[in-house]
Amino acid sequence: MKQINVKIPALPRNSYPIYIGQNFLDTLLTKIQNDHPDRSLFIITDSNLAENNHLKKLTAEKDIPNYIINPPGEKSKHIQTVVKIIEKMEQQFYARDSLIIALGGGTVGDIAGFAAAVYKRGIHVIQIPTTTVAQADSSVGGKTGVDSTISKNAFGAFWNPRAVYIDVATLNTLDQTQYLAGLVESLKHALIADEKYFTFFEKNIDKIINRDIETLLIIAEKNCRIKAKIVAEDPTEKNKRRILNYGHTVGHAAESASRFELLHGQAVAIGIIAAGLIEQKMKLAEPDQLRRIKILLEKMKMPTKMPKNIKSNQIIQLIKRDKKAVNKWPKFVLLEKTGKALCKNQQWAHDVAPETVKDVLAKLY
Ligand code: GLY
């Protein structure tokens, strides 16, 4: 057997601008066309965005071909939607010089990003997130994907956008529960990486809940800076990027067990409380930490207890299937203190005994 070593230059560019502002949707398309004069544009959005006028605002009467995902949300996040998008683009002769614009929440961003990653082996994508989850989390960092019938994001790719445009005024059309649930990802950023951001959150929680634009602009920037810094250190989630999953191990299990009755942020809120209880048991937490987190989550009207119809044994079974589990048991992201994820032996995710997790789950009812 002969071995030949080839040296292939590193993969595509990984840096991109994030623009943050308010009420710029109706002038954005002209900017995108000016910035990418040689690209054929194709918009992917969903029926919510089409109904609440965001699509109309973005296109501003310009005739840009689009695909409208319907029904919106997780139900459409499967490979068939990607097949339909790709075939529509093929029918309309889109080539490798195309640019997909993803206008919408996390599901739209994930589907459109994945379609861009695989269409003709990869075309450009621009993310325009319009929900609190997407603006704080999913539009930045390059994770894209769709679900299989067996698990979430079974088809996936890391595919960075060429740019992200965050217009905080688009959040005004979200219903209050969705709006608040998405903010849990912002709180997560504060908990894992920035104590000052956590105190900012505490001081400004009423303004945040009431969608004060100036406050939303501040938190959009804080989220992007925190997330981008972590992703830059570990783009493909080998180690440090795992801290972005704080609260997500129990959270994802609760989300699945509820058959998506719990919104992602609601489930992560329960997962953050579970992580806090684990920290207490492992004598990691500061005395007041969990109480302060609970006060914020309660103000945000997030659940802090596991719904009674979800049994702790169901959660344990689902945790064993966590995609990052080794020998059927995952490692947990924990806090050393408010604003600082725990790093031990250069690892950012940690062993927690199943008994500890079972004890904690029992306290969650
Ligand atoms: N949402 C977690 C991450 O982007 O890694």
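This tour visits the salt bridges of a predicted model, one selection at a time. The count of salt bridges in the model comes to 17.

Begin by selecting Lys77 and Asp147. These two residues form a salt bridge, and their closest N and O atoms are 3.8 Å apart. Lys77 belongs to the loop between strand S3 (66-69) and helix H4 (79-91), while Asp147 belongs to the loop between strand S6 (143-146) and strand S7 (155-158), so the pair ties together parts that are 70 residues apart in sequence. Display the surface next: Lys77 is buried, with a relative accessible area of 3%. Asp147 is also buried, its relative accessible area being 10%.

Proceed to Arg292 and Glu202, whose side chains meet in a salt bridge of 2.8 Å from N to O. Here the selection joins two helices: Arg292 lies in helix H13 (residues 289-299) and Glu202 in helix H8 (residues 195-203), so this pair ties together parts that are 90 residues apart in sequence. Glu202 counts as partly exposed, at 26% relative accessibility.

Now select Lys340 together with Glu336. A salt bridge links the two, with 3.3 Å between the closest N and O atoms.

Terms used
Residues numbered from 1 in each chain as written. Predicted model: local features only at pLDDT ≥ 70, side-chain atom pairs only at ≥ 80, totals over all residues. Heavy atoms only, no water. Salt bridge = Lys/Arg side-chain N within 4 Å of Asp/Glu carboxyl O. Helix = DSSP H or I, 4+ residues; strand = E, 2+ residues; numbered from the N terminus. Buried < 20%, exposed > 50% of the residue type's maximum accessible area, 1.4 Å probe, protein only.
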